[in-house]
Amino acid sequence: MAKPKNVPASTLSTGDLASRTLILDNGAHTIKAGYSSHLDNHAPNHQDCTIIPNCIARSTRDKRTYIGPELTTCLDYGELAYRRPVEKGYVVNWEGEKAIWERSFSSEEGGLGCEPAETNLILTEQPNAPVTLQRWTDEMVFEEFGFGAYYRTIGASLNAWAPSPFPSTADSVSGLPVECLLVVDAGYSHTTITPLYHGRPLHSAIRRLDVGGKVLTNRLKDCISRTFDVHREDHIVSEIKEDVCYVSPSPSAFAADLERTWKGGRYDARELDTTVVVDYVLPDYEHIKRGYHRPHDAKIKGGRVLRVDEETGRREHVVTVGNERFTVPELLFTPSDIGMSQPGLCGVILQSIHSLPEGLRQVFLANIIVVGGSGLLPGFVERLDAELRGAVDEDLVVRVARAEDPLKNSWLGGARMAQDEGNLRQRLVTRAEWMEHGEGWVRRRFAGKIGR
Amino acid sequence: MPHIEELPLTAGKAAAPGWSYVPDTGYDPSKAPLNPTTARSKRKYAALVGGDRGDLSLRQQGQAQKLIAELDDDRSRRKIEVPTRKSAAEEKRGARHQTSNVARILKSEKTFVHYLDDEEALLDKQPARPSYNDETPKPAPRASKTPLARRKSTALNIESSASSSPAPAALPQTPMGPPPLPHHLPQPTSKPQSSTSTAQDPSPYALPSDAELEALLSAPPLSYSAAQSAPPPRTDPPPRRFCDVCGYWGRIKCLSCGGRYCGLGCKEAHLQDKCLRWK
């Protein structure tokens with residue numbers, strides 16, 4: 001590592017901590033960011049967390065480039081081209097990420113107003129990161145951004161500090177982690193299973209399923225494009241997914257729904273079941289800012305129309321969404337549907353649990369928490385619960401719960417952890433320490449190999 | 001019934017003289033006919049590949065791989081220039097210029113696949129990360145780092161506790177106890193039993209001792225590819241097939257290309273747009 005030659009003297013001495021801590025859950029799709037302080041008694045809540053798109057987007061329509069938080073001011077999401085510096089949950093392209101972070105930290109509209117030298121940073125990463133990427137992240141945080149103190153951790157592990165979603169357990173104290181927790185992080189790039197013991201990940205049992213929100217969106221895009229080409233409309237398809245997709249309660253319910261949405265054979269045409277089949281009105285960004293769905297109109301044949309709405313007299317694009325509503329999220333539970341040789345989510349969780357000592361298995365089975373954007377799909381938790389119950393012995397207790405806000409739960413956990421000064425001192429590495437000990441030492445500290 | 005297991009004959013990767021059991025992974029390219037054209041050689045080929053289970057042929061596997069790679073790509077590599085704009089923070093820092101490392105990182109055009117390859121190459125050269133392994137021994141050595149090789153052990157593990165069928169005899173690596181009895185664990189979030197009480201009670205659900213837990217907690221992280229879930233057990237039902245055109249069950253297989261469709265209506269659409277026979 002090259003020793004920096006001319007960096008501004010840190011405003012903090014070795015033993016000092018800045019008064020506030022920025023918790024940055026740096027996801028591949030969105031950044032979840034906000035402050036927490038160990039000095040005041042304000043309990044952090046979901047409102048303290050800002051969701052920032054982690055992308056640079058270029059619109060071909062108004063010829064503008066939107067960086068990170070600027071995307072919320074975008075009026076026309078049609079045919080936006082994205083550049084995402086985070087691949088598979090790891091920051092790969094620092095040129096892009098630097099631009100997004102700088103825009104997010106600025107005090108302009110939508111920014112966080114962050115002065116790195118006077119802020120502690122808690123940054124999340126995905127488990128099993130390549131060492132080079134970790135090293136480069138540390139380097140950028142200290143050398144380029146110049147944060148006062150810094151802690152890099154596996155995002156899922158912060159969930160142990162968030163309030164427990166299980167009703168029977170007493171409210172956890174803000175500064176203490178939950179004892180045992182199995183975090184199912186259904187994110188954008190993939191779904192990871194992380195068992196946590198007192199907030200520390202059990203590395204040998206971390207497993208990954210390579211199906212995430214991105215695969216689902218792309219699959220839905222392919223399915224809808226059979227009738228209407230939406231390959232360039234990432235944003236709209238992602239909204240369709242959020243609005244109408246659901247997870248079937250069981251494989252038999254899946255088969256039943258598939259029957260109900262079938263148009264029938266050539267000589268025995270069937271009525272489509274309008275409780276499942278819906279028409280989705282696409283946004284045109286003139287009058288309709290966001291798409292919406294309504295029950296299927298039998299007059300629409302062939303999946304798509306451009307038609308005139310009777311009431312308003314406006315033209316609207318309508319796409320019929322049938323079995324895509326449940327066959328697409330089904331990929332999380334049956335990846336073999338697209339020929340992927342991985343078991344479904346339930347199988348991956350069992351693989352993780354079976355790699356643990358037997359004494360621990362029950363505890364983790366009874367404390368499964370779902371976080372991440374795909375966890376918002378209706379029926380996700382119920383299906384996972386049912387499949388797990390069917391796959392383990394009857395006398396084992398299975399409890400699965402969705403976090404109150406699956407997107408912000410890791411952030412909230414981090415914010416609650418950072419309220420306790422002892423927690424912070426135990427984990428943070430200050431800039432002075434970085435300059436004294438170098439990157440190898442810092443990396444070992446974050447891996448828990450060097451104690452304070 | 002005697003228990004038969006395969007014992008590793010060789011310590012390292014070097015092949016020892018003599019013979020050894022090798023795991024039957026199904027498809028052996030050396031036995032496959034070069035050009036399966038006749039019906040008989042096609043059948044033989046299918047049997048080798050495992051076609052009886054409705055497994056995919058090599059070509060279909062290739063197609064599936066391509067599809068998965070496409071689905072996993074967020075088309076984000078379309079080159080979008082980052083507009084250069086001096087932010088206020090940058091101006092404040094003024095003359096401070098970047099260290100050479102930072103400049104190198106910022107200029108890097110590598111994608112995740114490159115880093116993954118680097119990592120794999122590094123792991124091949126030095127199988128264990130020395131910096132992590134110095135102080136703490138690994139808790140339980142894993143049979144193999146590749147997901148495919150893990151299939152067998154995990155499959156057996158899941159089956160033995162998951163299904164109602166009689167559990168197989170004890171496995172060498174993880175001895176399974178007798179069928180579990182109804183029990184009451186301590187409240188999931190309460191303090192785990194202390195190690196003294198677990199020492200007296202050697203039930204299969206005894207919580208691991210503090211030393212075991214510590215070893216488990218300080219185990220080094222797996223590499224990216226090792227953390228991928230193992231393939232599903234062979235006993236799983238064969239993959240479901242869907243109509244290429246409408247997404248209903250793919251009940252009919254196209255004779256020309258092997259694609260699926262659901263009925264006459266979709267057959268026409270398939271032949272017109274989807275059939276890969278001449279492409």
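Me: In chain A, among contacts between residues at least 6 apart in sequence, what share joins residues at least 24 apart?

Reply: Happy to start there. In this predicted model, 64% of those contacts in chain A join residues at least 24 apart. For chain B, the share of contacts with a separation of 6 or more that comes from residues 24 or more positions apart is 40%.

Me: How many helices and strands does chain A have?

Reply: Chain A has 13 helices and 21 strands. Its radius of gyration is 24 Å, close to the 22 Å that the globule rule gives for 452 residues, so chain A is as compact as a globular protein of that length. Along the principal axes, its C-alpha atoms fill a box of roughly 80 × 60 × 40 Å.

Me: And what about burial: how much of chain A is buried?

Reply: The cut-off to keep in mind is a relative accessible area under 20% for a buried residue. Buried residues make up 65% of the 452 residues in chain A. In chain B they make up 28% of the 279 residues. As for the surface, chain A exposes about 16100 Å², with carbon and sulfur atoms supplying 50% of that area. The accessible surface of chain B comes to about 19000 Å², and 59% of this belongs to carbon and sulfur atoms.

Me: How far apart are the mean positions of the positive and negative charges of chain A?

Reply: Chain A has 53 positive and 62 negative charges, and their mean positions are 4 Å apart.

Me: Let's zoom in on one element. Is helix 10 of chain A mostly covered or mostly uncovered?

Reply: Mostly covered: nine of its nine residues are buried. They include A:N409, A:W411, A:R416 and A:M417. The buried residues of this helix pack against several elements of chain A, among them strand 1 (20-26), strand 2 (30-37), strand 10 (149-154) and helix 11 (421-427).

Me: Which residues does A:S410 touch, beyond those up to four places away in sequence?

Reply: A:S410 sits in helix 10, which spans residues 409-417. It touches A:D25, A:G155, A:L158 and A:N159. With a relative accessible area of 6%, A:S410 falls under the 20% cut-off and therefore counts as buried.

Me: Is A:R443 buried or exposed?

Reply: A:R443 has 15% relative accessibility, so this arginine counts as buried too. Look for it in helix 13 (residues 439-446) of chain A. Leaving aside residues up to four places away in sequence, A:R443 touches A:V131, A:Q134, A:R135, A:D138 and A:R152.

Me: Over to chain B. In what order do its elements run from the N terminus?

Reply: The order is α-α-α-α-α-α-α-α-α-β-β-α, from a total of ten helices and two strands.

Me: What is the mean pLDDT of chain B?

Reply: The mean is 67, and 46% of the residues of chain B reach 70 or more. Over residues 129-143 the pLDDT is below 50, and this stretch has 26 contacts in the model beyond near neighbours in sequence. Residues 152-202 also stay under 50, with 61 contacts beyond four places in sequence. For the model as a whole, the scores are ipTM 0.84 and pTM 0.80.

Definitions and conventions. Residues numbered from 1 in each chain as written. Chains lettered and ligands numbered in written order. Predicted model: local features only at pLDDT ≥ 70, side-chain atom pairs only at ≥ 80, totals over all residues. Heavy atoms only, no water. Helix = DSSP H or I, 4+ residues; strand = E, 2+ residues; numbered from the N terminus. Rg over C-alpha atoms; globule rule 2.2 N^0.38 Å. Buried < 20%, exposed > 50% of the residue type's maximum accessible area, 1.4 Å probe, protein only. Contact = heavy atoms within 4.5 Å. Areas by Shrake-Rupley, 256 points an atom, 1.4 Å probe, with all protein chains shown as cover. Lys, Arg positive; Asp, Glu negative; His and termini not counted. Charge placed at Lys NZ, Arg CZ, Asp CG, Glu CD. pLDDT = per-residue confidence, 0-100.
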